[in-house]
Amino acid sequence: MQPGSVTTAPRSTHGAAVASPVSHGKHDPISFRQLPPEILTLVLLDAAPSKWYSRQYYSALFNIREVCKQWMEIVDATPSLWTSIWLEFKLDLVNMILVKSKTQPLSIWYDDQTFAGYKQLPEDHISAFLSLVTPSSRRWEFFDYRASCYELHERLLGLPFDLLRQLNILLSGNIKYSANINAPRLVSLHAHRCSLNWHSVAGLRSLEIDQNTEGPDLSELITVLRASPNLEELEVARNWPMTATIDPESVHPLPPISLPKLQVMRFSKLPVVPLSILLDQIEAPNLLRFSHSMTYKGWSDDFPRIFGAAGRHIGGDTRFRKDGNLFQLVVVASIDNLRVEVGDRRITLRRFRWSESNGDQEKVASLSAALAQFHPNLCSAIRVVSLEGAPSNQEVAEYLRLLNQYCPELRELVVTGLEGNDTYVESIVEALSGEQDVNDRKQELFPRLSGLRLRAVRKGSPLCSSSILELVQSRTESKLATALKLLDLEGFRMPRATADNLEGLVQELRLTKTEIVDQTPPLNEASS
């Protein structure tokens with residue numbers, strides 16, 4: 001019998017030359033038939049297709065099985081090779097897998113094609129398939145359920161799943177399933193357009209909820225998180241009923257949700273208030289990635305509040321962290337994104353067409369909110385700040401003022417993505433040359449700054465380098481700031497005299513992809 005499906009099951013050529021003899025050094029080749037059965041079994045297990053989750057798995061397995069009678073017997077007597085079942089398989093193949101798998105845990109893919117917008121598989125096949133596989137539900141380890149047939153939801157989701165570890169539910173229409181999920185070993189759950197009895201869900205390591213109009217609400221989600229202390233990944237997107245049923249100003253605040261293994265949190269299109277309440281409840285000292293995206297142009301939400309809550313997670317005390325380079329802070333600001341990285345940790349805020357609203361002010365406020373939550377030990381440890389993405393002139397100046405406030409020990413500043421024109425460079429020079437009142441006294445920005453790296457993506461006029469020269473001279477003469485020792489410029493155009501002057505002022509001058517011209521052109525030529 002050949003493997004196949006209700007639709008089509010293309011054959012694979014995997015294992016075409018498996019029957020070749022084995023070379024044995026200087027001796028004559030040894031046939032596989034001379035190998036002890038236990039050794040041959042290991043060889044065939046290694047030769048078996050590794051993609052057990054592919055529909056074409058059994059086509060490749062049958063190629064191995066058909067080499068000879070001995071190989072067929074070994075394959076048929078190895079239950080671990082028979083553990084994957086797809087709805088579109090022919091029923092005789094399904095029955096064969098169920099028999100040969102014996103007591104092995106099973107992986108079941110139920111996809112009636114409607115979730116992807118195709119015509120549903122024949123109802124008589126679906127009915128016969130379920131009659132064959134549902135009695136084995138106690139040994140299902142993986143269940144991927146994609147369907148639109150509402151009358152089947154209770155029948156399938158109500159099965160006893162004694163061994164189930166991963167459950168994916170992706171439906172073409174929203175439902176609310178109120179019965180308990182009987183899966184005591186469940187560790188991974190993905191629910192798309194399906195609200196469950198969330199009080200019956202516990203012990204998860206991965207939770208993904210997407211496009212649910214029926215819940216969970218905030219209190220239900222908190223219940224799941226409290227019952228899943230080993231959670232490693234959390235993703236919630238387009239979950240409309242995320243109403244704030246908890247008063248953040250309550251005199252009886254809820255105890256924190258301790259998630260010491262949580263490393264990733266991703267959110268999309270969620271209301272800010274309930275999300276920020278949730279983030280304030282979570283204690284995740286080992287969080288590495290946080291992101292929130294809002295793709296609706298017209299929504300006006302308090303994004304700085306989210307960034308502030310996320311900043312607490314990535315800005316933890318250096319005494320309890322061993323992740324990456326804690327001496328460098330990276331800020332990436334583009335049209336639709338704001339990203340902050342420190343060590344191996346990152347928070348990202350995405351907003352559709354940010355530039356058409358008050359994006360600059362909102363991004364600055366968001367960065368300020370995140371930095372305000374950084375632990376003082378981490379702020380004092382930061383020595384290098386990298387500012388990427390070429391934000392607007394006013395925006396970059398605001399970023400520099402913020403970074404001066406929160407990174408008092410900064411030694412090196414890197415700005416990349418500059419256009420290289422006069423206004424961009426002058427905004428940086430003006431900010432670094434300005435003074436701020438700190439503790440009732442005047443202080444230049446980054447008083448301990450000794451290294452400056454500027455990366456331009458497009459060459460500007462030689463006048464840019466004149467502004468840089470003025471900055472180097474002013475900090476050399478200043479009594480309030482350290483003189484620049486390292487100046488690294490990339491992608492500029494510079495008069496030779498300016499380059500000579502800079503070389504005499506700094507200990508190390510690097511000019512990469514920088515064009516040296518003999519003299520400064522007339523002003524009208526430079527501006528053109």
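Here are a few questions and answers about the model.

Modeller: First, this is a predicted model, where local features need pLDDT of at least 70, side-chain atom pairs count only at pLDDT 80 or more, and totals for chains, interfaces and linings use all residues. Residues are numbered from 1 along each chain as its sequence is written, and side-chain values use heavy atoms, with hydrogens and water left out.

Colleague: What share of the 528 residues in the protein is buried?

Modeller: Buried means under 20% relative accessible area, with a 1.4 Å probe and protein chains only. By that cut-off, the buried share of the 528 residues is 50%.

Colleague: How far apart in space are Ala-499 and Leu-511, C-alpha to C-alpha?

Modeller: In sequence, Ala-499 and Leu-511 are twelve residues apart. In space, the C-alpha to C-alpha figure is 8.8 Å.

Colleague: Which residues of H2 and H4 make the contact between them?

Modeller: The axes of H2 (residues 57-65) and H4 (residues 91-100), lines fitted to C-alpha atoms over the stretch in contact, come within 14 Å and cross at roughly 70 degrees. The contact residues are Tyr-58, Phe-62 and Arg-65 of H2, and Leu-93, Met-96, Ile-97 and Lys-100 of H4.

Technical notes:
Axes are lines fitted to C-alpha atoms, for helices over the stretch in contact, and angles run from 0 to 180 degrees between N-to-C directions. Helices (H or I, at least four residues) and strands (E, at least two) are DSSP runs, numbered from the N terminus. Contact means heavy atoms within 4.5 Å.
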